[in-house]
Amino acid sequence: MRPPVPFGQYVPGDSPVHRVEPRAKMGLVAAYVIMLFTVGDFIGLIAAGLLAITAVAISSVPSRLVLRGVRAVSVILAFTLLAHGLRWNPATVSLVRLGPLALDPEGLLTGIFFAVRIVLLVVGTSLLTLTTSPVRLADGIERLMSPLEVLRFPAGEVAMMLTVALRFIPTTAEEAEKIVVAQVARGARFDVGGPTRRARAYVPVLVPLFVSLFRRADELATAMEARCYRGGEGRTRLRESHLTLSDWVVMISGAVLMVGIGVSL
Amino acid sequence: MSLTMSSVSYTYGEGSAYATQALSGVDLEIRRDELVLVLGATGSGKSTLLRVAAGLLAPTDGRVLLDGIEVTGPLAAAEPSVGLVFQSPEAQLFAETVEADVGFGPRNIGRSETEASEAARDALVAVGIDPDAFGSRSPFSLSGGEARRVAMAGVLAMSPGYLLLDEPTAGLDVSGREAVARIVGAARERSGVVVVTHDAEEFLTVADRVVLLTEGHLTFDGSADALVQEPARFVDAGLRVPEVLHTQVLAREIGLEVERYSFDPLEAARLLADARTRSQ
């Protein structure tokens, strides 16, 4: 039986966003990130937000899956808000005051600005992994890195490592969950005591998990060698991926639009 | 005195795009004095059934009751406790020594060091492992069959009132399977036992009751004898018809008047011999 989908995991589909070539998508995400870090006010963030919402709508990926990534960074968001909003004994007018600690409206606004930027960053980047299968993503990264092969950079091997690592994230999560449940069935508790006790409670999970991962890695390496894997050199691809004219148009027009918004707003 | 599931349903990833219904309206009562065999194909919800029964998963619908009291969490430390031996339980071994690993459960439920050590040694004896020879060894140095038995001892050491076993013989050789069958036979003297498997033959002769799960639905709940009178039920549930039963079905198909079906090889041989005599 399938466990709940981890945040950012590929959601199969046939939307226009799914169909864009991974390298074009990575280029668009890079432009999006540049835009987010160059806009200087809320109007720029609103424009970026509208672009993100449009992309999510076109992708047909359920918005709750996109927002699951935001939930994962909720602690960082809270810290960002408080770090900017809280002041120690300020001379200015405060929204709320608790002894010397006060909530400064101007600082809070700055905190909201940075928090929204983080939210949009998570939404934009998770849309890349939500709409691109790990294999296509790794393939795209390999092709982007391939010029470095002239400098003896092992692009094929790095891409294979990436593919295997991405492939085993859900498997490892499933295995960890199984071990946690098995130890809970033996009376283990992970929700009691202070930080040290809680950390120690995970020893019965981490030891068998690492043993299992090393064993699995060893078996996988042997199985790959048994099927004649000798590194990236000379390997062909099952599916050749090419940047089509529409990919170039989407990438260039999207990148120009986003960098333009970033520079002008 | 029973562990009861009342109209239990369970859906993985409920509300998500990947929602998968594993159990659907299951009603099942397990008494302290019986061995219940749960049969079903891969993906039929057997393992989920055990997790829900052990309080490790809260049903998305329906209730689980332990001696009449609604279950709200893990039952490892309940009274009576519910012990669950997972599929390939050797994967959960972690401690430096076999004895320390088997004593992990008793220590978690508040037993003193002495009590935990005694419980661990008793449980090792119960699974046929010599605590003096194996107690100080690393659990990672054991063979597959030994590791399986040590992992089972880790649950038996908690003296469960109900013992739930998920595919306990999977991946074991003949001697390993026999050892596990002996452990299950001994455990039923002290606890209610539920064995989940897709290999019917292993426990059919010792089960008090058999339950069939088909795609999350309970499709049969009765005696093993009643089940084998309807071999088509195995096929409908996606299971292989036990060899001894299949032989009798074929005998009927070629015209022998087999009086009734039996899963006991000796009785099956007698029934076939009688049918042959009648046909001559």
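This is a predicted model: local features need pLDDT of at least 70, side-chain atom pairs count only at pLDDT 80 or more; totals for chains, interfaces and linings use all residues.
Modeller: Two strands count as paired if DSSP finds at least two bridges between them.

Biologist: Which two strands form a hairpin with 2 residues between them?

Modeller: The general idea comes first. Strands of a sheet pair through backbone hydrogen bonds, in either the parallel or the antiparallel sense. Here the hairpin is made by E9(B) and E10(B), and in its turn B:Glu215 has a positive phi of about 45°. The pairing of E9(B) with strand E10 (residues 217–222) of chain B is antiparallel and holds 5 bridges. One residue pair to look for is B:Thr214, which stands opposite B:His217 in E10(B).

Biologist: What else does E9(B) run parallel to?

Modeller: Strand E3 (residues 35–40) of chain B is joined to E9(B) by 5 bridges, and these two strands run parallel. Within E9(B), B:Val211 is the residue opposite B:Val38.

Biologist: Is strand E9 of chain B mostly covered or mostly exposed?

Modeller: A residue is called buried if 20 or more other C-beta atoms lie within 10 Å of its own. By that count 5 of the 6 residues in strand E9 (residues 209–214) of chain B are buried, so the strand is mostly covered.

Biologist: Which residues touch the most other members of the largest nonpolar core?

Modeller: That core has 91 residues, and the ones touching the most other members are B:Leu37, B:Val38, B:Ala53, B:Ala153, B:Leu164, B:Val194 and B:Val195. Helix H6 (residues 144–156) of chain B supplies the largest share, 7 residues. Another core lies apart from this one; it has 28 residues, among them A:Val17, A:Val39, A:Leu65 and A:Met258.

Biologist: Take B:Ala53 from that list. What is B:Ala53 in contact with, leaving aside neighbours within four places in sequence?

Modeller: The partners of B:Ala53 are B:Leu3, B:Met5, B:Val64, B:Val82 and B:Leu164. B:Leu164 is also one of the residues that touch the most other core members.

Biologist: Now the overall form. How does the radius of gyration of chain B stand against that of a compact globule?

Modeller: For 280 residues a compact globule would have a value near 19 Å, and chain B has 20 Å, which agrees. Its C-alpha trace spans about 70 × 50 × 35 Å along the principal axes. Buried residues make up 46% of chain B. The chain has 12 helices and 10 strands.

Biologist: And what is the radius of gyration of chain A?

Modeller: Chain A has 23 Å, whereas a compact globule of 265 residues would have a radius of gyration near 18 Å. Its C-alpha atoms fill a box of roughly 70 × 60 × 40 Å. In chain A, 25% of the residues count as buried. Of its contacts with a separation of 6 or more, 77% are between residues 24 or more positions apart.

Biologist: How many helices and strands does chain A have?

Modeller: Chain A has 11 helices and 3 strands. Read from the N terminus, the order is α-α-α-α-α-β-β-β-α-α-α-α-α-α. The 3 strands make an open antiparallel sheet in the order E1-E3-E2. Strand E1 (86–88) and strand E2 (96–98) of chain A are the edges, each pairing on one side only. From one strand to the next the twist averages 25°. Between E2(A) and strand E3 (residues 101–103) of chain A there are 3 bridges, and A:Arg97 has A:Ala102 as its bridge partner in E3(A).

Biologist: Where is A:Leu265 found?

Modeller: A:Leu265 sits in the segment after helix H11 (245–264) of chain A. A:Leu265 counts as partly exposed because 17 C-beta neighbours lie inside 10 Å. Its contacts beyond four places in sequence are A:Val39, A:Asp41, A:Ile43, A:Gly44 and A:Ala47. The C-alpha atoms of A:Leu265 and A:Ala47 are 8.9 Å apart, although 218 residues separate the two in sequence.

Biologist: Last, the interface. How many residues of chain B are in contact with chain A?

Modeller: On the chain B side there are 29, in contact with 23 residues of chain A. Strand E2 (20–31), helix H1 (46–53), helix H3 (104–108) and H6 of chain B each supply at least two residues of that side. H3(B) gives the most, with 3 residues. By type, the chain B side divides into 20 nonpolar, 8 polar and 1 charged.

Note on methods. Residues are numbered from 1 along each chain as its sequence is written. Chains are lettered from A and ligands numbered from 1 in the order in which they are written. A nonpolar core is a set of buried Ala, Val, Leu, Ile, Met, Phe, Trp, Tyr and Cys residues joined through C-beta atoms within 7 Å. A residue is buried if 20 or more other C-beta atoms lie within 10 Å of its own, exposed if 12 or fewer, and partly exposed in between; C-beta atoms are placed from the backbone. Helices (H or I, at least four residues) and strands (E, at least two) are DSSP runs, numbered from the N terminus. Two residues are in contact if their C-beta atoms, placed from the backbone, lie within 7 Å. The radius of gyration is taken over C-alpha atoms; the globule rule is 2.2 Å times the number of residues to the power 0.38. Axes are lines fitted to C-alpha atoms, for helices over the stretch in contact, and angles run from 0 to 180 degrees between N-to-C directions. Ala, Val, Leu, Ile, Met, Phe, Trp, Tyr, Cys and Pro count as nonpolar, Asp, Glu, Lys and Arg as charged, and the others, Gly among them, as polar.
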